[in-house]
Amino acid sequence: MNYDNNRPSSSGTYLGRDSYRTPRRENNGGYEYQDRARERVRDSPYGERSTPEYERRSGNDRYDDRRNGNDRYDDRRNGNDRYDDRRNGNYRPSRPSHDTRNDRYNSNRYYRDKGDRSDRGDSLFSYKPRYDDRQLKGRQRVPTQDLKPKLTKEEEIERCQKKLASLQKVPNIEDITIIDSKWGVKPKGFENVTAQRAKLSGLFPLPGYPRPVDFTKLEGVARDRLLNSNDILNGSSKIDPIDSRNSSILFIKNINFGLIDYLKITEYFNKFLSQIDIPETTLNNVESKRKTKDDQNLIIEFKNNTCATIAMALNSRKLSFNEMKLVKNDDEGNPIHQGGQETGDNIVLDISRPGEYVVQCLPPYDKIKEDEIEEVVIDSPRKITLLVSPTLNETELISNIKEIGTIKGFQLLREIGTKESLGIAFLEFYIDPTKYQKTINAIPVMQTLIEQLKESLLIEDAFFSCIIPDKTSIQDCPIDLSTLKKLVKNEHVTTHPSLRVIQLINIVTAKDLMDDANFKFIQKDILQEVSKFGNLRTIKIPRPANDYTPGISQFSQPGLGKIYIEFDDEETALNAIMGLAGRMYNDRTVLCSFYDYNDFKNGLL
């Protein structure tokens, strides 16, 4: 017998399924045949039609059974699979092979079980295809439907009002306390001090720089300084000429300080101020003092503008030469006699303000209060100084002045303790703001009132306290955002006269000038550019000190951050301003202005 056709394949199965019979063993004189396939049927858990019937069919027949639902996976789709129990029967069938991409986007057949919003009748949330038919129209986005129903104008207003009413219940973010936050927390003792004044005090340097005082003692320092009404911590946070450095500086001129001791002159002013019973004066009223190089002028900077204005009242006062003379001793300590001026002569004080001094006009008043007289007269172009007899009665003096004009403020200086008059008073008349909206137009009226005061028998002399007519710059408004543009156009301030000295502002910083090599480069660069406008005589670039600390020294070192240039004539200086103003230097916009020549020559920067 040929057994080749019945030989098993490499997989262990026989090649002929219908005709193979293998003689296994002989039993009772005959062959016993066993069909392996039938044996598998009997042992299979799927019954008679499972494995044998499925394996005998061709590949196409098996695929048809799957289409007709006779596949072994159909039982799982009918809920007989263990995974269906977990899904609660919500089985999402896989995409059939004959389904197209267009059918998926334009049919809801695969999204019916995703929600029941359409079942509730909410047509706004029914499924919408994201794109149009891509096969016909291409990839075009369908405009999104507005989900909010259109409201009438009245309904929209009502909706907004309800929304605003709900927002009013929201607490202000500034009222919400953040735990352990350091933002907006002021140091102890500075609760009523503005941030600008705190920085100007010099107590808070920039990070990385040494602190002037121990922060554990900061509260005590603040308490002591706040007791002094002249301290910068007590000032209001504003930018006014009354707070400027020039408002506190006076020149004492035409005195030979080679023979006169300038320290004695300074002490005379300080002693006179310390005896006045007003809050602005203390035992030490002088901030700094120095002589000019020619020994002919003395520059005194007082603690505040009020002290400077009172000291101006001592103009033309005579002092004893013997009391003020400079005493020099020889090696043995004996005084050396100096000639040049007789000992019987007196010294006449010639006092003036800096050329860059600007006085600000007070805010206009709404109505005139004839029955109320203010006890303090603030520095302004309308402030008048009166020199009277110390024995004169104040009530009698006020009655005499009322015959000349309506009094707005009157202040008689008295001595501390005794309350006796010192013979100096300050006065301000009411000036109709409707007739004289600009202070410069009211100056002639005030000059007429001053002439009438001089004619009074009770008044020895009367003059302006802060201005020299047609010379002192007057500012008619405060400095804020609403007036800044007008001030730049010289609409509310007196135009500065043309001079041969100019100052460049916002061109350098203290940090730029600390390095020697960088300083030389800046100086050479500025000279090269400025020389294009004409011949220049002098250039001054104030440099920071070696121990300079940002946040402190820039307020005590004059002129730091500016450059001063002196030309041969005023025309060249004007051309330089026109050519340099508004240009960029080291990413900074340069500002230019004229600067008083006498202030520049005397080192008042």
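Colleague: How many aromatic pairs does a search of the whole structure find?

Modeller: The search finds 3 aromatic pairs. Keep in mind that this is a predicted model.

Colleague: Take Phe-269 and Phe-302. What kind of aromatic pair do they form?

Modeller: Look at the angle between the ring planes. Planes over 60 degrees apart count as edge-to-face. Phe-269 and Phe-302 have 75° between their planes, so their pair is edge-to-face. Centre to centre, the rings are 6.3 Å apart.

Colleague: Where in the chain do Phe-269 and Phe-302 lie?

Modeller: Phe-269 is in helix α11, residues 262-274. Phe-302 is in strand β5. They are 33 residues apart, and the pair links distant parts of the chain.

Colleague: Are Phe-269 and Phe-302 buried or exposed?

Modeller: Check the relative accessibility. Under 20% means buried. Phe-269 has 2%, so it counts as buried. Phe-302 has 1%, so Phe-302 is buried as well.

Colleague: What about the rings of Tyr-564 and Tyr-595?

Modeller: Read them by the angle again. The planes of Tyr-564 and Tyr-595 stand at 65°, so this pair is edge-to-face. The ring centres are 5.1 Å apart. Tyr-564 is in strand β19, residues 563-567. Tyr-595 is in the loop between β22 (591-594) and α20 (597-601). The pair therefore ties together parts 31 residues apart in sequence. Both tyrosines are buried.

Colleague: Which residues form one aromatic cluster?

Modeller: Tyr-268, Phe-269 and Phe-302 do.

Colleague: Which rings have a charged side chain over them?

Modeller: Here you look for a Lys or Arg over the face of a ring. The charged end of Lys-540 sits over the ring of Phe-600, 4.5 Å from the ring centre. Arg-543 lies over the face of Phe-519, at 4.3 Å from the centre of that ring.

Colleague: Strand β5 came up with Phe-302. Where is Glu-301 found, and what does it touch?

Modeller: Glu-301 is found in strand β5, which covers residues 298-302. Leave out residues up to four places away in sequence, and Glu-301 touches Arg-245, Ser-248, Ile-249, Val-286, Glu-287 and Ser-288. The relative accessibility of Glu-301 is 16%, so this residue counts as buried.

Colleague: And disulfides? How many does the search find?

Modeller: First the idea. A disulfide is a covalent bond between the sulfur atoms of two cysteines. The search of the whole structure finds 0 disulfides.

How values were computed. Residues numbered from 1 in each chain as written. Predicted model: local features only at pLDDT ≥ 70, side-chain atom pairs only at ≥ 80, totals over all residues. Heavy atoms only, no water. Disulfide = S-S within 2.5 Å. Helix = DSSP H or I, 4+ residues; strand = E, 2+ residues; numbered from the N terminus. Buried < 20%, exposed > 50% of the residue type's maximum accessible area, 1.4 Å probe, protein only. Contact = heavy atoms within 4.5 Å. Phe/Tyr/Trp six-rings, centres within 6.5 Å; stacked < 30°, edge-to-face > 60°. Lys NZ or Arg CZ within 6 Å of the ring centre and 35° of its normal.
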